[in-house]
Amino acid sequence: MTSPKYRGFSRLVSCLQSGLLTQHRKKGEQIKKGMASGQMSRDEALECTHCRHACHVLLYSETASHLFGRIPIRYIVLMQMRFDGLLGFPGGFVNPSEETLEEGLTRELLEELGVAVPVSKEDHVESCFSPPRSGTYSSSSHLILHFYVKKIEEEQIREIEKAAASTAADHGLEVLGMVRVPLYTTKSGGGLSCFLSHSFIGVARSQLMNSLLRLHLVSPGDLQEALRGSQRTHAESAQNLQAALKLTGEQP
Ligand code: AMP
Ligand code: MN
């Protein structure tokens with residue numbers, strides 16, 4: 001599913017990440033072309049037998065509901081608050097020697113959502129090496145992330161949210177709760193921009209932004225606007241945290 005159109009959309013997000021990549025790059029080190037983003041095909045990924053594999057999915061649906069009776073919600077996009085306090089997508093480690101990637105992902109979804117949402121090869125979007133906290137994107141990271149996107153009905157989303165908070169084995173443990181991504185912007189600038197200013201696991205923020213663009217859930221202009229707002233929110237948060245630290249008696 002890595003069509004030229006998709007690559008075009010992901011260029012915007014890649015630009016945002018490129019600063020990060022340059023930072024990670026050791027002086028004089030040559031990064032192979034395909035490796036610069038850590039991207040590979042699903043089949044190439046499976047050739048790495050010594051790698052660990054993790055699969056995650058963005059589930060979404062259309063909705064006709066309105067916030068405050070006037071702001072169209074348009075789409076419900078599901079994410080989760082993880083055990084580590086970071087936002088991420090449902091899914092987890094898969095063992096390709098025992099199950100297909102998609103079977104493993106469905107197994108993980110049963111544990112985390114309480115519903116065995118079937119995911120197929122057709123829902124696969126991209127596979128890439130997990131960017132280590134420092135250093136280059138390379139096969140040395142040994143963890144390959146597989147990302148999927150699946151459109152479902154609004155009714156199924158409601159079912160998942162109910163099950164995730166009741167029957168799901170991981171509720172209150174690995175998963176603290178499901179969250180919906182606000183795609184709109186309120187008069188006061190809240191919504192997508194505030195959501196994007198939170199902390200995300202690994203490349204989850206990029207996976208979210210790439211998907212919003214690729215699926216035309218948000219326009220590139222609106223996303224740029226939201227990201228500018230996120231940066232302002234982020235700066236304010238940094239100041240708040242600094243003030244909070246002073247309250248605890250810590251000297252500057
Ligand atoms: P999980 O069991 O869901 O935590 O995922 C398995 C592994 O993938 C863990 O090492 C996570 O830190 C990592 N991981 C999960 N989601 C992402 C993501 N969106 N980007 C990068 N790494 C991730
Ligand atoms: Mn997980």
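Is Gly91 buried or exposed? Gly91 is buried, at 6% relative accessibility. Buried means under 20% relative accessible area, exposed over 50% (1.4 Å probe, protein chains only).

## Basis

The model is predicted: local features need pLDDT of at least 70, side-chain atom pairs pLDDT 80 or more, while totals for chains, interfaces and linings use all residues. Residues are numbered from 1 along each chain, chains are lettered from A and ligands numbered from 1 as written, and side-chain values use heavy atoms, without hydrogens or water.

Gly91 belongs to strand β7 (residues 91–94) and Glu112 to helix α3 (residues 101–113), so the pair links parts 21 residues apart in sequence. Helices (H or I, at least four residues) and strands (E, at least two) are DSSP runs. Glu112 is also buried, at 3%.

## Ligand 1

Ligand 1 has 13 residues around it, each with a heavy atom within 4 Å. His56, Arg82, Gly91, Val203 and Gln207 are the closest. Strand β7 gives the most, three residues.

Polar contacts are N or O pairs within 3.5 Å. A polar side-chain atom of His56 sits 2.9 Å from a ligand 1 oxygen. For the side chain of Arg82 the distance is 3.0 Å. A polar backbone atom of Gly91 is 3.0 Å from an oxygen of ligand 1. The protein buries 84% of the 470 Å² that ligand 1 exposes alone (Shrake-Rupley, 1.4 Å probe).

Terms used. Polar contact = N/O pair within 3.5 Å; in protein donor to acceptor, adjacent residues only side chain to side chain.
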